[in-house]
Amino acid sequence: MNRNFAELIQQKKSAGELSEEDISWWIDGLVSGSIPDYQTSAMLMAIYFKGMNAHETSWLTHCVSTSGDVIDLSSLKGVKCDKHSSGGVADTVSIPLIAIAASCGAVMPKMSGRGLGHSGGTIDKLESIPGFDVNLTPLAFMEIVNRLGGAIMAQTGDVAVADKKLYALRDVTATVDSVPLIASSIMGKKLASGADVIVLDVKWGSGAFMTGKAEAIELAKTMVGIGEDNDKTTVAYVTDMNEPLGNAVGNALEIVEAVQILKGGGPAKLLDVILTLCDEILMQSGIVQKREDARTMALNAIASGNALQRFADIVRAQRGDPAFIDRPEVLPQAAVRLPVYAPRSGFVTSIDARGIGLAAMHLGAGRRTKEDAIDLAVGLVLDVKTGDTVSAGHQIATVYARTDDDARTCEQEILGTIVVGEASVAPWQTVVAKISRADGVVTYEHS
């Protein structure tokens, strides 16, 4: 290519379209170091303001996905399914979902990352289980998935190498919130992970990356298009994250909540999202044809104890001790527990997910930077949801903290996020849209 990279930046700055050759040149140069970071930063800013069309975004994702190792899952039997959440507060979905789906016959080779934000990611949560090994060898990972239908391991540092470089530059150039860049980052890692089917849970609301519903739907449509363009069956659900999905926010606390779900309890809205995604996985795997059959199968797996047993088997296979399933006290325990009480009577009219997430992060349940250490024991558990009636003095939450001062500070943060009013409000709808290549955007109706 005879042009210099500055000409390519100018082309995008003028709203021009980048060719496949242009994008490949850029990503290859980014990874090799032949294109300096300051020029990539300029390109990111041009993309932020001028955007990318569907083909540009899809090809950028392809280049990101092939910039490092591409996981070969061909030794796994059956249709390989992956699930991704765009992140939220009390989003304890992946762990029980994999156990339920695997117990129904789905194949769930899950590779996850660590959290950066309100609370830990799936890997951080699992590391609160005594002995649990998230750093499996590829051979061990494949063996467990073939035998049990699912396993969860930490994503290796050699997958989607370009994404790590791009994200670091997006972070320091204020270009993180660009739909083409978000979509190519998420889907680049998903494509490199090797699954046949990708089911996406795209959050919107105060506790989500996308605060507006329309923006979340746009992101979901973009990611579905990328997946389908790269020969992956891809379906997205847009779910509400204006208040915490589950009740527990914190790593060991969320493991306890995952067990509650698998024992047939747990928060109804959390279960709703888990079952909705599980329905899709079972249908796309060819295990059932109809959503109602998938739902019946998943509920039976929970009621029979098969899903809980599959979770225990996966924990044991990954060198963890499943004793916590019946004795949660063996998980990391916080030194201080502080109940939080409603200051007045009325109706819970809103619970700000972002505020709750930040309160948990301030306790040490999440990371402000990648270098921060997480305290696996701390966090909080809510006892109310929007629409509930409370009386003055009624317990609405419990704080799990390192110190009394931390607990008292968190108490005030919780009270500042839960609004109690005089008039009742309707509970929010958990799943608001489904996006697939065939359907476009479809309003989700509860059964």
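Me: Let's start with helix α5, residues 94–103: how many of its residues are buried?
Reply: Helices (H or I, at least four residues) and strands (E, at least two) are DSSP runs, numbered from the N terminus. Buried means under 20% relative accessible area, exposed over 50%, and partly exposed in between (1.4 Å probe, protein chains only). The buried residues of α5 include S94, P96 and S103. The helix is mostly covered, and its buried count is 10 of 10.

Me: What kind of model is this?
Reply: Residues are numbered from 1 along each chain as its sequence is written, and side-chain values use heavy atoms, leaving out hydrogens and water. Local features need pLDDT of at least 70, side-chain atom pairs count only at pLDDT 80 or more, and totals for chains, interfaces and linings use all residues, for the model is predicted.

Me: In which order do the strands of the 4-stranded open sheet stand?
Reply: Two strands pair if DSSP finds at least two bridges between them. The pairing in this sheet is antiparallel, and the order is β6-β9-β11-β7.

Me: Which strands stand at the edges of that sheet?
Reply: An edge strand here has a single partner strand, so one side of it is left without a neighbour in the sheet. β6 meets β9 (residues 379–382) through 2 bridges, with V249 opposite L380. The edge strands are β6 (248–249) and β7 (336–341).

Me: What angle does helix α15 make with β9?
Reply: Contact means heavy atoms within 4.5 Å. Axes are lines fitted to C-alpha atoms, for helices over the stretch in contact, and angles run from 0 to 180 degrees between N-to-C directions. Helix α15 (residues 353–363) packs on the sheet and touches β6, β9 and β11 (395–401). Its direction and that of β9 make an angle of about 145°.

Me: And what angle does helix α16 make with β7?
Reply: Helix α16 (residues 404–417) also packs on the sheet, touching β7, β9 and β11. Its direction makes an angle with that of β7 of about 25°.

Me: How many disulfides does a search of the whole structure find?
Reply: A disulfide is a pair of cysteine sulfur atoms within 2.5 Å. C63 is buried at 8% relative accessible area, and C410 is buried at 1%. C410 is also in contact with V399. For the whole structure, the number of disulfides found is 0.

Me: Which residue's side chain makes a polar contact with that of T430?
Reply: A polar contact is a pair of N or O atoms within 3.5 Å; within protein, one must be able to donate a hydrogen and the other to accept it, and residues adjacent in sequence count only if both atoms are side-chain atoms. T430 lies in the loop between β12 (418–421) and β13, and is buried at 4% relative accessibility. At 3.5 Å, the partner of its side chain is D272.

Me: Which residue of β13 is the bridge partner of V235?
Reply: Strand β13 (residues 431–436) is mostly covered, with 6 of its 6 residues buried. It runs antiparallel to β5 (residues 233–240), joined by 5 bridges. The partner of V235 is S436.

Note on methods:
Lists of a residue's contacts leave out its neighbours within four places in sequence.
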